[in-house]
Amino acid sequence: MDPDEELATIILVMDYFYRKLRSSSRVPQQVSNFSGHNRMIDLLHGNDRRFVDILRMPKSCFIRLCGLLQQNGVRNTRSLSVEEQVMMFLLVIGHNDSTRRSGYEWHHSTETVSRHFNNICSRIVGLAPQLIGPPDFNNIPPLIANNSRYFPYFRDCVGAIDGTHIPCIVDAHLQSAYRNRKGYTTGWEGSVHDARVLREAMSDPAFSFPTPPGEKYFLVDAGYANRRGFLSPYRGTNYHLRDRRRLGGDRKKELFNYRHASLRNAVERTFGIWKSRFRILRGVPHYPIRTQRDIIIACAVLHNFLMMSDDVDVSVTAEEDAHDKDDMDHGGDTIGQDAAPSTQQEEGHQTEMGRFQDALTESMWADRNQN
């Protein structure tokens, strides 16, 4: 054997033993015997508070949710039950876990976790027509009916409208187009005022926006026009709750704005609870933009589903940070150009709502001075 052949033989032998040693010392990704199924059983039969902390809802709501999803087509698979699929989904949206980490925790491949995540998300979005809808325009909300500060003045109020920012991720070449005025990338191309979003929703028949009938109206902040169906505060007058301690100005309008703001604040508290319960809303991971949209809708569906349940304690799911300031939400009492009326009809509606606002303010002020 010549030296070159001898060297080649030595190299082949060394490569063989190297591969043998490497294969024998390789550690599998999943080494625990605690499978995803076992983890599901442990959570279902474990401590109730721990269940809420991990899955962001009580066991009774979880069981009802699984039953509802089964009615809408979710089925057990060869390796995953419906309950385990829903748990994986809730863990991701509740704690903003990645699919890779969920795969480690539930002993499934990343592909399996991603596939079932998308399936559960789409099934929950399919429940939106049942769980996301307009308020009952014929009933007075209990918060108004049972509080002398609001009743009878706001008896025709049917709810409150506001906007909130959910950061999303778009491809690098699109980020400048989707960057809003506060520097976040959002799901609407360009920097868009809340009033324009509302106008688009009302003008597009596909959205079927629930415009209040007759004299009914939504409470809105100063970023929206004061027009039929939408009652905003007085501009140029303190209306934030934190401004109440300031003196001066028109006290009648300040009283109206203060009560208006304290009542409208219900929608801001709802946003706080919503984002606290589903932490994925603080920054949706890099899914396709359509999936990011569906995740937001699914979180809204689940929030409404939970709020309709008598056994949900809001303080349990939101106590960690429900009072954190959402620095992505807008504030201030200035009105943008988009909120200005765009047609003669809208100008007439604005004047009509302004007269209603003035009459309401006078009544509120007169009753206050009598008591």
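At what angle do α2 and α3 pack, and how far apart are their axes? The views below belong to a predicted model, in which local features require pLDDT of at least 70 and side-chain atom pairs count only at pLDDT 80 or more, while totals for chains, interfaces and linings use all residues. Residues are numbered from 1 along each chain as its sequence is written, and side-chain values rest on heavy atoms, with hydrogens and water left out.

**View A. Helices α2 and α3 pack against each other.** Helices (H or I, at least four residues) and strands (E, at least two) are DSSP runs numbered from the N terminus; axes are lines fitted to C-alpha atoms, for helices over the stretch in contact, and angles run from 0 to 180 degrees between N-to-C directions. Angles under 35 degrees count as roughly parallel, over 145 as roughly antiparallel, 65 to 115 as roughly perpendicular and the rest as oblique. The packing angle of α2 and α3 is about 125°, and their axes are 8 Å apart, which means that α2 is oblique to α3. In this contact (heavy atoms within 4.5 Å), D42, L43 and L44 of α2 meet R50, F51, I54 and L55 of α3. Sorted by class, the residues are five nonpolar, no polar and two charged, where Ala, Val, Leu, Ile, Met, Phe, Trp, Tyr, Cys and Pro count as nonpolar, Asp, Glu, Lys and Arg as charged, and the others, Gly among them, as polar.

**View B. Helix α6 crosses α7.** The axes of α6 (residues 99-106) and α7 come within 8 Å and cross at roughly 110°, so α6 is roughly perpendicular to α7. On the α6 side the contact is made by T99, R100, S102 and G103, and on the α7 side by T110, V113 and S114; these residues divide into one nonpolar, five polar and one charged. R100, in α6, is exposed at a relative accessible area of 52%, on a scale where buried means under 20%, exposed over 50% and partly exposed in between (1.4 Å probe, protein chains only). Eleven residues separate R100 and E111 along the chain, and their C-alpha atoms are 8.9 Å apart.

**View C. Helices α5 and α12 meet.** Here the axes come within 12 Å and cross at roughly 100°, and α5 and α12 are therefore roughly perpendicular to each other. F89, L90 and I93 of α5 meet A298, C299 and L302 of α12, and by class this contact comprises six nonpolar, no polar and no charged residues.

**View D. The largest nonpolar core holds 48 residues.** A nonpolar core is a set of buried Ala, Val, Leu, Ile, Met, Phe, Trp, Tyr and Cys residues joined through side-chain atoms within 4.5 Å. In soluble globular proteins, nonpolar side chains tend to be buried together. Within the largest core, the residues with the most contacts are V86, F89, L90 and I93. At least two of its residues come from each of α2 (36-44), α3 (48-55), α4 (59-71), α5 (82-95), α7 (110-125), α8 (128-131), α11 and α12 (289-307), and α5 gives the most, with nine residues. Leaving aside residues up to four places away in sequence, V86 touches F62, L65, C66, L69 and I120. Another core, of 16 residues, lies apart from it and includes Y150, Y153, Y234 and F256.

**View E. Three strands form an open sheet.** The strand order is β1-β2-β3 and the pairing is parallel, with two strands taken to pair if DSSP finds at least two bridges between them. β1 (157-160) and β3 (230-231) stand at the edges with a single partner strand each, so one side of each is left without a neighbour in the sheet. Three bridges join β1 to the parallel strand β2 (residues 217-219), and C157 stands opposite Y217 in β2. Helix α11 (residues 251-277) packs on this sheet, touching β1, β2 and β3, and its direction makes about 90° with that of β2.
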